[in-house]
Amino acid sequence: LAAAVILVAAGSGQRLGYGMPKAAVPLGGEPILMHALRGIVASGIASQVCVALPAGDQGLRRLCDDFREELADGGPLLTLVDGGSTRADSVRAGIAGLMEGIEAVLVHDAARALTPESVFHRVSDALAAGADAVIPVLPVVDTIKTVSTTAGDSTAVAPEVVTGTARREELRAVQTPQGFTINTLLQAHQAAQAMDQEQAAAVTDDAMLVEVLGTPVYAVRGSTQSLKITTPLDLIFAEGLLEGPLG
Ligand code: CTP
Ligand code: MG
């Protein structure tokens, strides 16, 4: 399959709190975005990498242009687009930047900068084997409960009350890259554009848009190295991983 990766890197990194886009924050002395780009290229699965950058960010644009020079002949086409105000908008901007003939798309977070090649391969292999949608997942270590707020209840003794406990064996923590056939991804994001603001705000990954279509979403094994760098603590973990990967 002719495959592309859409790398969404247009977020502002509020929770990391560096006062710059997260993709530009240094990890092991290099911007997070560079690690993400190298991992994708090393996997060799993509004929195009389309990066959604913060609109107007010249520094990240230049970084990508320099990286393009480094790419060997036969390497992927590197395309840059302006991201949008939500992650889903950035994915849609990436879709608009895909070249003709792309059959499969892996949507990946730049924030999961240390994702191992093996995960790209597992996702891409499942697409090649006929899946329309595939996500990398890990078992959940915590017990997960649902709660409801007790605010406004004069008899309440705490801010929340537990409403249920999910069966942990059937829960999975979901990562990226998430892989889709091009038609499935297009349909999913078309459906998303018809959502109202509240529904749109609840969209946290691409696969949930596919689930709504009724298309089966398959799961392959993710990796602890694919952690999403979200908070300063995650950056410490990521720095640690650079010192020496986990087994
Ligand atoms: N992302 C994007 N466009 C947006 C929002 C997010 O491309 N408008 C990307 C981020 O760059 C990141 C991925 O989606 O690679 C996951 O988002 P998240 O971890 O939330 O990153 P930020 O939105 O940058 O962080 P924060 O929410 O703390 O501001
Ligand atoms: Mg965000």
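Predicted model: local features only at pLDDT ≥ 70, side-chain atom pairs only at ≥ 80, totals over all residues.
Student: Which residues of α4 are buried, and what puts them on the same side of the helix?

Tutor: The buried residues of α4 are Val119, Phe120, Val123, Ser124 and Leu127. They cover an arc of only 125° around the axis, and therefore they lie on the same side of α4. These buried residues pack against β1, α1, β6, β7, β11 and β12.

Student: Why is Ser124 called buried rather than exposed?

Tutor: The label asks for 20 or more other C-beta atoms within 10 Å, and Ser124 has 23 of them, so Ser124 counts as buried. Leaving aside neighbours within four places in sequence, Ser124 is in contact with Ala3, Ile45, Leu106 and Gly179.

Student: How far apart are Ser124 and Pro177, in sequence and in space?

Tutor: Ser124 and Pro177 are 53 residues apart in sequence, while their C-alpha atoms are 9.4 Å apart in space. Pro177 sits in the loop between β10 and β11, and the peptide bond that joins Thr176 to Pro177 is cis, with omega at about 10°.

Student: In which sense do β1 and β6 pair, and in which sense do β6 and β11 pair?

Tutor: Two bridges are enough for two strands to count as paired. Strand β1 and β6 have 6 bridges in the parallel sense, with Val107 in β6 as the bridge partner of Ile6. By contrast, β6 and β11 pair in the antiparallel sense over 4 bridges, and the bridge partner of Ala104 in β11 is Thr181.

Student: How do you know that the span of helix α2 agrees with what its 13 residues should give?

Tutor: At 1.5 Å a residue, α2 (residues 58–70) should span 18 Å, and its end C-alpha atoms are 19 Å apart, which agrees.

Student: Which residues of α2 are buried, and how do you know that they line one face?

Tutor: The buried residues of α2 are Leu60, Leu63 and Cys64. Seen down the helix axis, these buried residues fall within an arc of 95°, so they line one face of α2. They pack against β3, α1, β4 and β5, while the face turned away from the buried side carries the exposed residues Gln58, Arg62, Asp65, Asp66 and Glu69.

Student: Which residues come nearest to ligand 1, and how does the shell around it divide?

Tutor: Of the 22 residues around ligand 1, Ala10, Gly11, Gln14, Arg15 and Ser90 come nearest. The shell around ligand 1 divides into 7 nonpolar, 10 polar and 5 charged residues.

Conventions
Residues numbered from 1 in each chain as written. Chains lettered and ligands numbered in written order. Near = placed C-beta within 6 Å. Nonpolar A, V, L, I, M, F, W, Y, C, P; charged D, E, K, R; others polar. Helix = DSSP H or I, 4+ residues; strand = E, 2+ residues; numbered from the N terminus. Expected span 1.5 Å × (residues − 1). Buried ≥ 20, exposed ≤ 12 C-beta atoms within 10 Å, placed from the backbone. Arc of directions from axis to C-beta. Contact = placed C-beta atoms within 7 Å.
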